[in-house]
Amino acid sequence: MKITQVFIVTGTPGTGKTTVSTILSERLRARHIELSKFSIENGYVIEDDVERDTKVVDMEALGSAIGEIIEKSSSPVIVDGHYAHELVDGPLISRLLVLRRKPWNLKSVLEARHYSNEKVWENLEAEIMGVIIGEALELIPGSKIFEIDTSNQTSGETADQIIEIIEGNASSKPILDWVTYPETMELLLSRSCTS
Ligand SMILES: Nc1ncnc2c1ncn2[C@@H]1O[C@H](COP(=O)(O)OP(=O)(O)O)[C@@H](O)[C@H]1O
Ligand SMILES: [Mg+2]
């Protein structure tokens with residue numbers, strides 16, 4: 001039986017998933033599925049949530065479509081998206097990478113996208129609380145999950161780090177916790193001063 005290698009690249013928006021996945025797909029000769037783009041192009045968006053400034057997708061249909069691509073693919077598959085970890089069946093996943101970024105650095109990346117203030121803070125809070133890594137740990141064995149802090153490195157260095165992980169030369173480290181950093185407290189205080 002053919003076993004396709006499947007790499008999930010997840011993380012809060014703005015942590016570098018798409019940039020890193022693009023480099024990685026070239027280096028690994030893998031198929032890169034960027035979920036936001038794929039779901040628009042293939043009609044899996046079922047609602048445009050204007051209030052939350054986000055698109056709602058049909059997770060079940062999108063999940064089956066991705067499952068089918070994985071099944072048929074003769075090359076490795078990289079699934080890139082902030083909900084990619086919820087979409088692909090755990091046993092199919094070879095490695096799950098959660099990209100993290102220091103919240104006080106992430107803020108400017110999100111603001112540059114012209115997200116609403118609410119959407120910027122919704123994402124910053126999710127990053128501060130480690131929402132995605134928490135979800136991933138509930139779905140997939142911890143031994144398959146790796147966190148990478150992209151704050152102080154280039155996208156190429158992040159891709160190199162992922163290749164090391166894939167080749168089995170890195171072990172999973174303790175979970176990052178931004179809550180303990182004084183900069184996080186300053187960031188949260190800056191919000192209460194402006195809103
Ligand atoms: N180490 C890094 N890894 C990945 N992206 C980085 C890194 N450092 C800076 N970036 C930048 O972060 C921004 C957000 O990247 P993007 O790939 O669009 O994120 P995402 O797909 O997670 O929303 C881009 O401008 C990218 O060039
Ligand atoms: Mg992206």
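This is a predicted model: local features need pLDDT of at least 70, side-chain atom pairs count only at pLDDT 80 or more; totals for chains, interfaces and linings use all residues.
**Helix α1**

- The 12 residues of α1 should span 16 Å at 1.5 Å a residue, and the end C-alpha atoms are 16 Å apart, so the two values agree. The expected span is 1.5 Å times one less than the number of residues in the helix.
- The buried residues of α1 are K17, V20, S21, I23, L24 and S25.
- Among the elements that cover these buried residues are the strands β1 (6-11), β2 (31-34), β5 (77-80) and β6 (95-100), together with α8.
- R29 follows α1 and lies in the loop that leads from α1 to β2.
- The phi of R29 is near 50°, a positive value in a residue other than glycine.
- R29 is exposed because 8 other C-beta atoms lie within 10 Å, and a residue counts as exposed with 12 or fewer.

**Parallel strands around β5**

- β1 and β5 run parallel and are joined by four bridges; within this pairing, V6 stands opposite V77 of β5.
- β2 also pairs with β5 in the parallel sense, over four bridges, and here H32 stands opposite I78 of β5.
- V77 and V79 point one way from β5, while I78 and D80 point the other way. All four of these residues are buried.

**Nonpolar cores**

- In soluble globular proteins, nonpolar side chains tend to be buried together.
- The largest nonpolar core has 33 residues, of which V6, I8, V9, V79, V88, L97 and V98 touch the most other members.
- Residues up to four places away in sequence aside, I8 touches V79, A84, H85, V88, I93, L96 and L97.
- A second, separate core has six residues, including L106, L110, V120 and W178.

**The β3-β4 hairpin**

- Strands β3 (residues 45-49) and β4 (residues 54-57) pair in the antiparallel sense over four bridges. V57 in β4 is the bridge partner of V45.
- The two strands form a hairpin with four residues between them, and D53 in the turn has a positive phi of about 55°.
- Of the five residues of β3, the number buried is zero, so the strand lies largely in the open.

- A112 is found in helix α5 (residues 103-112). With 9 C-beta neighbours inside 10 Å, A112 counts as exposed.
- A112 and G14 are 98 residues apart in sequence, yet their C-alpha atoms are 9.9 Å apart in space.
- H114 lies in the loop between α5 and α6 (117-129). The phi of H114 is near 60°, a positive value in a residue other than glycine.
- H114 counts as exposed because it has 9 C-beta neighbours inside 10 Å.

- S151 is placed in the loop between β7 (145-149) and α8.
- S151 is partly exposed, with 14 other C-beta atoms within 10 Å. That class lies between exposed, at 12 or fewer, and buried, at 20 or more.
- Leaving aside neighbours within four places in sequence, S151 is in contact with R101, K102 and N105.
- S151 and G16 are 135 residues apart along the chain, and their C-alpha atoms are separated by 9.4 Å.

Methods
Residues are numbered from 1 along each chain as its sequence is written. Chains are lettered from A and ligands numbered from 1 in the order in which they are written. A nonpolar core is a set of buried Ala, Val, Leu, Ile, Met, Phe, Trp, Tyr and Cys residues joined through C-beta atoms within 7 Å. Two residues are in contact if their C-beta atoms, placed from the backbone, lie within 7 Å. Two strands pair if DSSP finds at least two bridges between them.
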